[in-house]
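Me: Can you walk me through the helix packing and the charge pairs in this one? Keep it short.

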Amino acid sequence: MPIRRYIQEIIDGVKDGTSTEASFGFLDGLQTDEVIAIAEALKDPRCRVTLLNLENHNSGGDEGVKAITEALKHPSSELLSVYLGCNKIGDNGAKLIADVLKNPSCKLLSLCLEDNNIGDEGAKLIAESLKHKNCKLTFLRIDSNYITDEGYMALREAMWNRFTGKITK
């Protein structure tokens, strides 16, 4: 399926460095190939995007999350804030996110993962990443998932040990 024209226009703005924000939250259902194209644009050395909003069923599933995490660890990435709420991301996606948080090239400071399908396993993986020396995250929103007290305690402890506990349950 070809990339829709208005999405391509945003991607072009991302690639040529004229946009510092790429917001697709107003849409409901980016196709996986569109998310992959966005992720590729984020790797462009001219890209200056610091905020990426893919809320509301716009992550492109596991393949899209993988593409976004690849962009986050790309050396030219300037992304500081990523919004991935309401995307049905599960523990597999959480593992990809946890892995990228440990990557020294990842500059991410703020991450929103609310209203997904992350369980205790994914929460614990993210919590372990928060303890990693390369992780720069200072804000995490991960409420309204399938995380029990056990998972939230792991996250709370990890954030508390990093700072003063910026986590919402």
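Reply: One cut-off before we start. Buried means under 20% relative accessible area, exposed means over 50%, and partly exposed is in between. Also, this is a predicted model.

Me: Where does glutamate 9 fall, buried or exposed or in between?
Reply: Glutamate 9 has a relative accessible area of 46%, so it is partly exposed.

Me: What does the side chain of glutamate 9 meet in a salt bridge?
Reply: Arginine 5. The N to O distance is 3.2 Å. Arginine 5 is exposed, at 67% relative accessible area.

Me: How are arginine 5 and glutamate 9 placed in helix H1?
Reply: They sit four residues apart in H1 (residues 5–15), so about one helical turn separates them.

Me: Why would such side chains pair at all?
Reply: Opposite charges can pair when the charged atoms come close.

Me: How many salt bridges in total?
Reply: The count comes to 10.

Me: Switching to packing. At what angle do H4 and H5 cross?
Reply: Roughly 0°, with the axes of H4 (residues 91–101) and H5 (residues 120–130) coming within 8 Å. Angles under 35 degrees count as roughly parallel, so H4 is roughly parallel to H5.

Me: Which residues make that contact?
Reply: From H4, Asp91, Ala94, Lys95, Ala98, Asp99 and Leu101. From H5, Glu121, Gly122, Leu125, Ile126 and Ser129. They divide into five nonpolar, two polar and four charged.

Me: Lys95 and Asp99 are both on that list. What else do they do?
Reply: Aspartate 99 forms a salt bridge with lysine 95, with the closest N and O atoms 3.0 Å apart. The two are four residues apart in H4, so about one helical turn lies between them. Aspartate 99 is partly exposed at 36%, and lysine 95 is partly exposed at 43%.

Me: Which residues are linked with them in a network?
Reply: Lys102. Salt bridges link Lys95, Asp99 and Lys102 in a network.

Me: Now H2 and H3. How do their axes run?
Reply: The axes of H2 (residues 32–42) and H3 (residues 61–72) come within 8 Å and cross at roughly 5°. That makes H2 roughly parallel to H3.

Me: And the contact residues, by type?
Reply: Seven nonpolar, two polar and one charged. H2 brings Thr32, Val35, Ile36, Ala39 and Leu42. H3 brings Glu63, Gly64, Ala67, Ile68 and Ala71.

Me: Last one. What forms a salt bridge with glutamate 70?
Reply: Lysine 73, with the closest N and O atoms 3.3 Å apart. Lysine 73 is partly exposed at 31%, and glutamate 70 is partly exposed at 32%.

Key: Residues numbered from 1 in each chain as written. Predicted model: local features only at pLDDT ≥ 70, side-chain atom pairs only at ≥ 80, totals over all residues. Heavy atoms only, no water. Axes fitted to C-alpha atoms, helices over the stretch in contact; angles between N-to-C directions. Parallel < 35°, antiparallel > 145°, perpendicular 65-115°, else oblique. Contact = heavy atoms within 4.5 Å. Nonpolar A, V, L, I, M, F, W, Y, C, P; charged D, E, K, R; others polar. Salt bridge = Lys/Arg side-chain N within 4 Å of Asp/Glu carboxyl O. Buried < 20%, exposed > 50% of the residue type's maximum accessible area, 1.4 Å probe, protein only.
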